[in-house]
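Please keep the structure open beside the text while reading.

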Amino acid sequence: MSNQIFQGLNFQLSEEHLAVQQAARDFAQTELLPEVIDRDEKEFFPEELVRKMGEMGFLGMMVSPEYGGGGMDTVSYVLAMEELSKVDASASVMVSVNNSLVCYGLEAYGTEEQKQKYLVPLAKGEIIGAFALSEPEAGSDATSQHTTAEDMGDYYLLNGTKNWITNGGRASVYLVMAQTHPELGHKGINCLIVERGMEGFQIGKKERKLGIRGSDTHSLMFTDVKVPKENRIGADGFGFKFAMSTLNGGRIGIAAQALGIASGAYELSLKYAQERKTFGKAIAEHQAIQFKLADMATSIEAARLLCFKAAFDKDQHRSYVQSAAMAKLFCSQVAMDTTIEAVQIHGGYGFVKEFHVERMMRDAKITQIYEGTSEIQKMVIAREILK
Ligand code: CAA
């Protein structure tokens with residue numbers, strides 16, 4: 001298998017890839033960095049900044065130009081996600097959900113009408129989307145959907161509650177998974193496109209979180225919401241497969257987010273270690289710190305390779321279920337380990353907000369939870385290995 005993987009791989013980014021990386025790096029430094037501490041503290045992300053991310057093309061990077069997107073490959077997306085996440089993981093989760101879950105899902109499985117109506121404004125960044133799978137009693141166990149979509153002929157009657165929905169408060173379009181045929185289990189689930197403002201659709205409370213506090217996470221409530229039949233994605237009962245297939249790509253986005261958090265914390269630690277002096281020399285000259293920096297750099301490099309491998313598999317139209325799960329599992333662990341060490345290297349400064357690494361440590365944790373916990377990634381990997 002490794003021969004196949006490494007054939008022709010030269011570890012060189014193309015000019016186009018480097019340009020995307022640079023654009024994301026510049027945007028992160030000039031637009032995201034200045035107020036990032038404030039946004040975390042106030043649990044707020046201004047519309048103006050979302051609009052700018054849209055204008056830069058970050059919200060529909062991989063959508064084909066025909067539908068208003070950037071037509072880029074997954075490697076470009078990973079590069080941009082890493083750069084944005086180095087500075088602000090709250091901003092990058094918006095980018096990830098809109099690209100990987102909402103736009104990808106619509107482009108891959110939507111009808112032409114659905115693409116024209118919803119995908120085009122989403123890809124242009126004129127509106128934001130959300131992906132609603134999780135429920136109060138269906139997180140990891142995503143097949144046990146309690147939200148129902150009763151078939152009423154020319155519409156579905158949607159009832160239920162969704163939890164922990166990223167972009168929940170600011171989205172205009174929601175991809176909502178709901179059970180239509182309970183007797184069929186996961187084969188009875190549908191995905192419906194629900195618009196903000198549909199009668200009976202209420203945005204619930206905003207969650208107060210440990211990390212990614214700038215991104216808005218809400219519960220959603222549906223009471224007898226009439227969703228037209230033409231808003232169903234795919235054939236009757238395709239909803240669970242739709243969610244799983246879409247999440248495979250989502251996991252590459254979150255792996256890249258975790259990679260970015262880790263490399264952001266590492267870069268700050270490296271700089272700090274060269275500037276901060278103790279016992280008459282820069283702390284980078286102490287072996288205890290050198291060992292930490294070496295471990296961080298090595299694990300980040302390994303994480304980056306896994307992340308690009310998954311992106312490359314997707315771009316080559318190979319199966320990426322396993323590589324995406326491996327990338328997410330490993331990158332999120334590296335994000336957690338690296339940010340903890342980053343705080344340690346910074347000592348007392350690491351514990352206060354001005355030095356960023358405490359926020360990164362808090363942000364890192366969610367990458368081990370959303371779009372499937374680490375335990376779910378291990379299940380997915382094991383099932384692929386044992387197939
Ligand atoms: N890709 C494609 N299809 C998949 C799949 C995958 N990764 N995983 C499962 N499927 C398919 C199976 O092939 C099966 O189809 P058939 O019946 O046709 O054979 C069907 O889905 C059911 O699969 P399982 O029998 O394996 O179902 P399960 O209940 O045993 O386990 C699971 C499935 C992998 C644990 C799944 O429930 C899962 O991934 N859970 C985690 C859910 C998750 O990631 N939630 C994240 C919420 S979204 C989010 O976090 C976004 C955000 O806000 C940032």
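1. The model discussed here is a predicted one. Its protein chain contains twelve helices and nine strands, and the C-alpha atoms, taken along the principal axes, fill a box of roughly 80 × 50 × 35 Å.

2. How does the radius of gyration of the protein chain agree with that of a compact globule? For 387 residues a compact globule would have a value near 21 Å, and because the protein chain has 21 Å, the two agree. Among the contacts in the protein chain with a separation of 6 or more, 74% are made by residues 24 or more positions apart.

3. Of the 387 residues, 55% count as buried. The accessible surface of the protein chain comes to about 17000 Å², and carbon and sulfur atoms account for 55% of that surface. As for charge, the protein chain carries 40 positive and 50 negative side chains, with the centres of the two sets lying 4 Å apart.

4. An unreviewed UniProt entry annotates residues 14-126 as "domain: Acyl-CoA dehydrogenase/oxidase N-terminal". Over this span the chain is 72% helix and 0% strand, and the C-alpha atoms at its ends are 29 Å apart.

5. For residues 130-225, the unreviewed UniProt entry gives "domain: Acyl-CoA oxidase/dehydrogenase middle". Here the make-up is 0% helix and 50% strand, while the end C-alpha atoms lie 17 Å apart.

6. The unreviewed UniProt entry also lists "domain: Acyl-CoA dehydrogenase/oxidase C-terminal", which covers residues 239-386. This span is 78% helix and 3% strand, and its end C-alpha atoms are separated by 25 Å.

7. Helix α5 runs over residues 74-87 and includes Ser76. Is Ser76 buried or exposed? Its relative accessible area is 4%, so Ser76 falls under the 20% cut-off and counts as buried. Setting aside neighbours within four places in sequence, the residues in contact with Ser76 are His17, Val20 and Met61.

8. Helix α7 (residues 112-123) has a set of buried residues, namely Gln114, Lys115, Tyr118, Leu119, Val120, Pro121, Leu122 and Ala123. The cover over these buried residues includes α6, β1, β4 (173-179) and β5 (189-195). After α7 comes Gly125, which has a positive phi near 80°.

9. Strand β1 (residues 129-132) holds Gly129, and because the relative accessible area of Gly129 is 0%, this glycine is buried. Beyond its neighbours within four places in sequence, Gly129 is in contact with Val97, Asn98, Val102, Leu122, Asn167, Ala171 and Val173. Lys187 is 58 residues from Gly129 in sequence, and the C-alpha atoms of the two are 25 Å apart in space.

10. Helix α11 (residues 357-366) is largely enclosed by the rest of the structure, because seven of its ten residues are buried. The buried residues are Val357, Glu358, Arg359, Met360, Arg362, Asp363 and Ala364, and they pack against α3 (36-42), α5, α6 (89-109), α8 (239-275) and α10 (321-346).

11. Ile385 lies in helix α12 (residues 374-386), where its relative accessibility of 56% is over the 50% cut-off, so Ile385 counts as exposed. The C-alpha atom of Ile385 is separated by 8.2 Å from that of Gln322, although the two residues are 63 residues apart along the chain.

12. Most residues other than glycine have a negative phi. Ile212, which is not a glycine, has a positive phi of about 35°, and Phe279, also a residue other than glycine, has a positive phi near 50°.

13. Where are Ile212 and Phe279 found? Ile212 sits in the loop between β6 (201-206) and β7 (217-228), whereas Phe279 has its place in the loop between β8 (277-278) and β9 (281-282). Ile212 has a relative accessibility of 3% and therefore counts as buried, while Phe279 is exposed, with a relative accessible area of 82%.

Notes: Residues are numbered from 1 along each chain as its sequence is written. This is a predicted model: local features need pLDDT of at least 70, side-chain atom pairs count only at pLDDT 80 or more; totals for chains, interfaces and linings use all residues. Side-chain values use heavy atoms; hydrogens and water are left out. UniProt positions are given in the numbering used here, feature names are shortened, and annotations may be inferred rather than shown by experiment. Helices (H or I, at least four residues) and strands (E, at least two) are DSSP runs, numbered from the N terminus. The radius of gyration is taken over C-alpha atoms; the globule rule is 2.2 Å times the number of residues to the power 0.38. Buried means under 20% relative accessible area, exposed over 50%, partly exposed in between (1.4 Å probe, protein chains only). Contact means heavy atoms within 4.5 Å. Accessible areas come from the Shrake-Rupley method with a 1.4 Å probe; for residues, only the protein chains shown count as cover. Lys and Arg count as positive and Asp and Glu as negative; His and the chain ends are not counted. The place of a charge is taken as NZ of Lys, CZ of Arg, CG of Asp or CD of Glu.
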